[in-house]
Amino acid sequence: MTMQARHLSIAYGSNQVLSQVSLTLHPSRTTGLVGRSGCGKSTLAKAMTGIIPAPQETLFHNDQIFFPDLSKTGNIIHYMWQDPLAALSPFLSALDLICEPLKAIHKLPKAERQRQARDLLNMVGLNATCSVKRPHQLSGGQCQRVALARALAVKPRFLVLDEPLSALDLVTQEQITSLLRKVRAEMNMGLLIISHDLQTLAKLADDIAVMDGGRIVEHKETHEFFAAPEHQLSRRFVEISKYSAPAAALN
Amino acid sequence: MVEIPLLQVHNLTISNSAQNNEPLVEGVSFDLAVNQRLGLIGKSGCGKSLTCHAITGALRAPLAASSGSIRFQGNDLLAMPFAEKQQIRGTGIFCIFQSPGSALHPSLTIETQLLETARNLSLHGQAAHHALLQALEAVSLPKLCLKQYPNALSGGMKQRVMMAMALILKPTILIADEPTTGLDVITEHETLEALNVVQQETGSALLFVSHDLRIVRQTCTSVLVMDAGQLVDACDLNQPIAPDCHRATAEITGAMERLQL
Amino acid sequence: MAYVDSAKSIPLSRATQLLRGRTTFFLGGLFLCFFIVLAIGGEAFAPNPPNQIDLLHRLSAPNLTYPLGTDHLGRCILSRLMTGTALSLGTALTTAGLILAIALPVGLLSALCKGWVDAVLMRIADIFLAFPMLVFALAIIGYLGASLTSAVIGVALAWWPSLARLVRTLTLEAASKEYVLASRQCGQKPLSIIGRHILPQILPPLLVVLSLEMAGLLLVLSSLSFLGLGAQPPAAEWGAMLNEARPFFAERPSVVLAPGIVIILAVLSFNLVGEGIRFQLDKRRPYRW
């Protein structure tokens, strides 16, 4: 029950965005993908979920060839956008947004749909007053919670979170991090979390992959990674994530 | 002799005239002294960016500063005629905004834009070029950037071009409004280092606006905390945070500690 | 760095605030209601029979019997304007509806199916666009025979391609929004994607454009009436009245001005309502800190 990318390469003209990337996602395991901006982490995630087309015979689900198709395979591998406000329809209320996949994928009757949607809202820590609001009436953190609840409503086998924290402020980042820990513990799904912030990945991921210039340059268990980062970029990331001396010490 | 602070914000209230003058920022007062590095933190939507826009005079129309004063070297910026404000902009107060992409002209090379800045200080020819190269070196940008257009540069590089501008202008007050939002941690680190260099070289007072106490700690010595449009707390970052601090401060420091490795 | 000093633009923004939103909608709605009432009961309210010829009082000034004067055949202008409402607005609305009925599916199909469907539909639209609009309409009317119905069909067939192109562009942009992709990923069927996510995005600008096009439609239909290819005399139609009265402008300006002003008011009310609808449908806040 794994999701694999094997020797996945994507180029736009002469710009090689991904070259020969291989990555395996395991069910009920969390993989962290870290890298500088523009290194191709989002492209990899989007190719694996069918947001952008991937070359044939590069993706495998349970060792079978897998064609990601946005409107059909969203319940197998699901992508969650970075900016929650842009990824939630401004025309629907939070509750309706969560009901969408429950109706379309799980074909639940209306009452059951609404009950489950309320449960999910509860789980991500939103109260009843939020359920009737539309995305632009919610704060960034609340939007991210709604987006997460919707992704959970799909019940995908693998969930890809693209920079789930970078649009949020520090306090909200911390709240969403602990929410994601809860999701990881309670839901039985494989997670791929993309981030450039090792501090949060350290709290969430079982293993960490580092990308640089369209390649995966290092992939290790989290504790091993922090103990002995090999690649130069990994070392730089670990160094900065541990660096938090106040300005007084600097001068 | 009692020194007059560079910037005195007194009782600043910003309201939205489109929505019953509902105040978005209320009664904010603080001083910024020469050579001080002051952080302004708070959750998103707490009004820190608005305060910053009010100081630079960039508030957009239904929003306006409805009361209070912002004194720069003793003169009230809010009551000042347009021409005089124009004098202060750039060399007096310089602001590095959240999105460097929209702060640079897309169809002029970096060199043209920096030379334009230098011309404001009546620097021409060789002298201007020299100042440019020095500024670029200080923020560790390659010389190659001069001939490029903004779209060829990454977010971090654009932000460093803005800092090079600050180096050329040597403003009395440098305002940085979330300068590292959207940058990855390594770029963020480099940008902050460049900002440190700029501050040390120009001797400007720095007002650093951010939601992230982790990076504010790297640049500032003291910090103001905003919550729901009001200034609720002021902390010295050299001291441990007092246990009797405001709820908002506790929330932010708590979040930082829990996220730290 | 140059900051835009926006403090001075506040009074202007107040004025635009007033013009957008509710006020606009109510003003436009009021005019439109007035026209609808006229369209339904115009004949009953009219002071004189619209086709009653009184050659003794041709081109007379406004008086008690003829509140807006008479035309070159001595017919009461006010009565003709009132009874003409139903015909003029009715044909324009029917044409607009017909155009939308062709352009919306064509635009949606070509934007969402892409590939050869898009290519074929858009090439057809291009062929239609290559002809001058009025000439093309004339050709169709010539084929169908001169009548108001064929005028409506002719104009609609000549007019749909430009709107279909607009629908296609709007849909392409709307369909690439992240929340539309996210919704597709949640298993939504194409029809419900169109209904719930794409139409709400494209209808506001489309309605505004269509309300502006109403002006053009009114004028084109009346031009056709003038050529004898639309409304047949003695039917009272605003455009036909305008064109019939043209030679007598110097003698009695009100003969031309009255239908002209009515057409302007009708166009204005459509524009105001269109703008009002757009403002009401577009509930997103204009700024966000």
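1. Domain spacing in chain A. The centres of domain 1 and domain 2 of chain A, taken over C-alpha atoms, lie 25 Å apart. Domain 1 of chain A covers 1–76 + 164–251, and domain 2 covers 86–155. These bounds come from an automatic or database domain assignment. The contact takes 14 residues from domain 1 of chain A and 11 residues from domain 2 of chain A. Contact here means heavy atoms within 4.5 Å.

2. Basis of the values. This is a predicted model, in which local features need pLDDT of at least 70, side-chain atom pairs count only at pLDDT 80 or more, and totals for chains, interfaces and linings use all residues. Residues are numbered from 1 along each chain as its sequence is written, chains are lettered from A and ligands numbered from 1 in the order in which they are written, and side-chain values use heavy atoms, with hydrogens and water left out.

3. Area between the domains. Domain 1 and domain 2 of chain A bury about 1,100 Å² between them, 75% of it on carbon and sulfur atoms. Buried area is the accessible area (1.4 Å probe) that two parts lose on being put together, summed over both. Which residues of domain 1 of chain A lose the most area to domain 2 of chain A? They are Asn75(A), Leu179(A) and Met187(A), together 36% of what that side buries.

4. Polar links between the domains. A salt bridge is a side-chain nitrogen of Lys or Arg within 4 Å of a carboxyl oxygen of Asp or Glu. Two residue pairs between these domains of chain A are in polar contact (both at pLDDT 80 or more). A polar contact is a pair of N or O atoms within 3.5 Å; within protein, one must be able to donate a hydrogen and the other to accept it, and residues adjacent in sequence count only if both atoms are side-chain atoms. The side of domain 1 of chain A that touches domain 2 of chain A has eight nonpolar, four polar and two charged residues. Ala, Val, Leu, Ile, Met, Phe, Trp, Tyr, Cys and Pro count as nonpolar, Asp, Glu, Lys and Arg as charged, and the others, Gly among them, as polar.

5. Chain B against chain A. Here 28 residues of chain B are in contact with 31 residues of chain A. The two chains bury about 2,800 Å² between them, 59% of it on carbon and sulfur atoms. Ile186(B), Leu259(B) and Leu261(B) supply 25% of the area that chain B buries against chain A, more than any other three residues.

6. Polar links between chains B and A. Four salt bridges cross this interface. In one salt bridge, the side chains of Arg258(B) and Glu174(A) meet at 2.7 Å, N to O. Between chain B and chain A, 11 residue pairs are in polar contact (both at pLDDT 80 or more). α6(B) gives the largest share of the side of chain B that touches chain A, seven residues. By class, that side of chain B has 10 nonpolar, 10 polar and eight charged residues.

7. Chain C and Leu129(C). Chain C has 10 helices and zero strands. Helices (H or I, at least four residues) and strands (E, at least two) are DSSP runs, numbered from the N terminus. Leu129(C) sits in helix α4 (residues 115–130) of chain C. Why does Leu129(C) count as partly exposed? Because its relative accessibility is 38%. Buried means under 20% relative accessible area, exposed over 50%, and partly exposed in between (1.4 Å probe, protein chains only). Leu129(C) touches Pro161(C), Ser162(C) and Arg165(C), not counting residues up to four places away in sequence.
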